[in-house]
Amino acid sequence: MEALLRSCRAPALGARHGGARARHGGSTAGRARRLLLSQLFQPLALPTGGQAGSEGRPGEPSCRSQRLMLQAGLIHPTSPGCYCYLPPTVRAMEKLIKLMDEEMQAVGGQKLNLPSLCSAELWRASGRWDQMGPELFRLLDRHKHGYCLGPTHEELVTALVASQSGLSYKQLPLRLYQVTRKFRDEPKPRFGLLRSREFYMKDMYTFDSSEQAARRTYEQVCAAYCSLFTRLGLPFVKVRAATGSIGGSTSHEFQLPADIGEDRLLLCPQGHFAANVETLNGEQTSCPECGEKLSETKGIEVGHTFYLGTKYSSVANAVFSSAENKPQLAEMGCYGLGVTRILAASIEVLSTEDSIRWPSLIAPYQLCFIPPKRGSREEEEGAALLERVYDELAQALPHLAGDAVLDDRSQLTIGKRLKDAQRLGYPYVVVAGKRVCEDPPVFEVWDQNAGKVLFLTKEGVIELLSKVQVP
């Protein structure tokens, strides 16, 4: 018992070293825990001098976003088309998903979670078990029952709604969505998270009482997608698209124009017409609305919407009771957003060749603090002042408390750490440079996305950062 009591008391003995721990990231009463770069699990492989950073798996086509994400310790390849998402990437994903939740719930979306293992029986009934071909990951359980790893969930969610025998027209529209892992056996995985075999997707499935109501839902969800991409500051285009293996009669893609995009798009310069070339019969060269010559560009698909009609509800007998108390098939739509693809595509279109630029709302961390180099004239006073700014910022702007990183690699020069911070894509970098010893102390603040440098007092830094939004 005495030994047990000693072991329980042991942590208290470290209280004498609280000051040292606080300096290295520990907590003290009333002070937010500092996030130290040296303690984050983010294995960097940034280029140094003449050496190149990580480029990806040998023989696999690479692109800017893949290269930058590997170098920045955001992803780690495990096998072709499969990646570990490291902590900064998960932070960005969670922020993006929070924005998606806001947009989906604004149009009446209800979040659920469906199994990744989908019964072969459901897929055979819809005809897609054979239609999907080798892209479908298939398996048998020990009882020889067939399953697939879901690339999408139309069959399963329709069966779920069909199982609700008392569904009334008064409960419609029903708008169900999830954010889950999806699986596709890509023949040639490439470009990192842009074309992988395992990925995250937000998929919504809607059930309406009539075609008119379903098309109204379609327009509302498309508007929510436009709102999301606008909030992210991404240069998207909405284009007419083919329905492919999912089916239906109306479909649109949300594309980010990019040289490495795999879709060919034809766009009217006046914005009257936009289509994926696979939807066109023959070679269309002019806008059907205004006659202007169409321009061609490549795009990365980041979202896709489908009006399905009764394609799936008729198979599963997903019916509701109409106002006349008669069974009627639900009119459906499905709507996908590539969560991990949006992350990679954002980096692809916003970044420079050697520096990541995030949509500011979903940057893993909003700001980085860089104290003086060890042994420099400014070290003692500058480090203490910067830590004070860090702590006061956390108190004044608590929503940023977990979004600030302190680059404690003080053995490196400020210039080296600033270059790393620019490559990692922090929207803001606060540096304790030579002017930190002035009265009052002045900090160097780099606004990365605006491409400008400001020189501000502590109060100025906090005022500037008070405008930063975090989902």
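**Figure 1. Residue classes in the lining of the largest pocket.** The lining of the largest pocket divides into 20 nonpolar, twelve polar and 13 charged residues. The model shown here and in the other views is predicted. The space in this pocket amounts to about 960 Å³. Its lining is made up of 45 residues, of which Arg-184, Arg-195, Glu-301, His-304 and Arg-341 are the closest to the centre.

**Figure 2. Secondary-structure elements around the largest pocket.** At least two lining residues come from each of β9 (198–208), β14 (295–309), β17 (331–338) and α10 (339–350). The largest contribution to the lining is that of β14, with seven residues.

**Figure 3. Helix α10.** This helix, residues 339–350, is one of the elements that supply the pocket lining. Its end C-alpha atoms lie 17 Å apart; twelve residues at 1.5 Å a residue should span 16 Å, so the two values agree. Most of α10 is covered, with ten of its twelve residues buried. The buried set consists of Val-339, Thr-340, Arg-341, Ile-342, Leu-343, Ala-344, Ala-345, Ser-346, Ile-347 and Glu-348. Arg-341 is also among the residues closest to the centre of the largest pocket.

**Figure 4. The open sheet of three strands.** The strand order is β5-β7-β6, and the pairing is antiparallel. β5 (117–119) and β6 (138–140) are the edge strands; each has a single partner strand, so one side of each is left without a neighbour in the sheet. On average, neighbouring strands of this sheet are turned by 40° against each other, direction ignored.

**Figure 5. Pairing of β7 with β5 and β6.** β5 and β7 are joined in the antiparallel sense over three bridges, with Leu-117 opposite Leu-149 of β7. Three bridges also link β6 to β7 (residues 146–149), again in the antiparallel sense. Here Arg-138 stands opposite Cys-148 of β7, and Leu-140 has Gly-146 as its bridge partner.

**Figure 6. The β6–β7 hairpin and the two faces of β7.** Five residues separate β6 from β7 in this hairpin, and Lys-144 in the turn has a positive phi of about 70°. In a regular strand, side chains alternate between the two faces of the sheet.

Technical notes. Residues numbered from 1 in each chain as written. Predicted model: local features only at pLDDT ≥ 70, side-chain atom pairs only at ≥ 80, totals over all residues. Heavy atoms only, no water. 1 Å grid on protein atoms, 1.4 Å probe; cavity = no way out; pocket = protein on both sides within 12 Å on 5 of 7 lines; lining within 4 Å. Points joined across faces, edges and corners; volume = space filled by probe spheres on them. Helix = DSSP H or I, 4+ residues; strand = E, 2+ residues; numbered from the N terminus. Nonpolar A, V, L, I, M, F, W, Y, C, P; charged D, E, K, R; others polar. Pairing = 2+ DSSP bridges. Axes fitted to C-alpha atoms, helices over the stretch in contact; angles between N-to-C directions. Expected span 1.5 Å × (residues − 1). Buried < 20%, exposed > 50% of the residue type's maximum accessible area, 1.4 Å probe, protein only.
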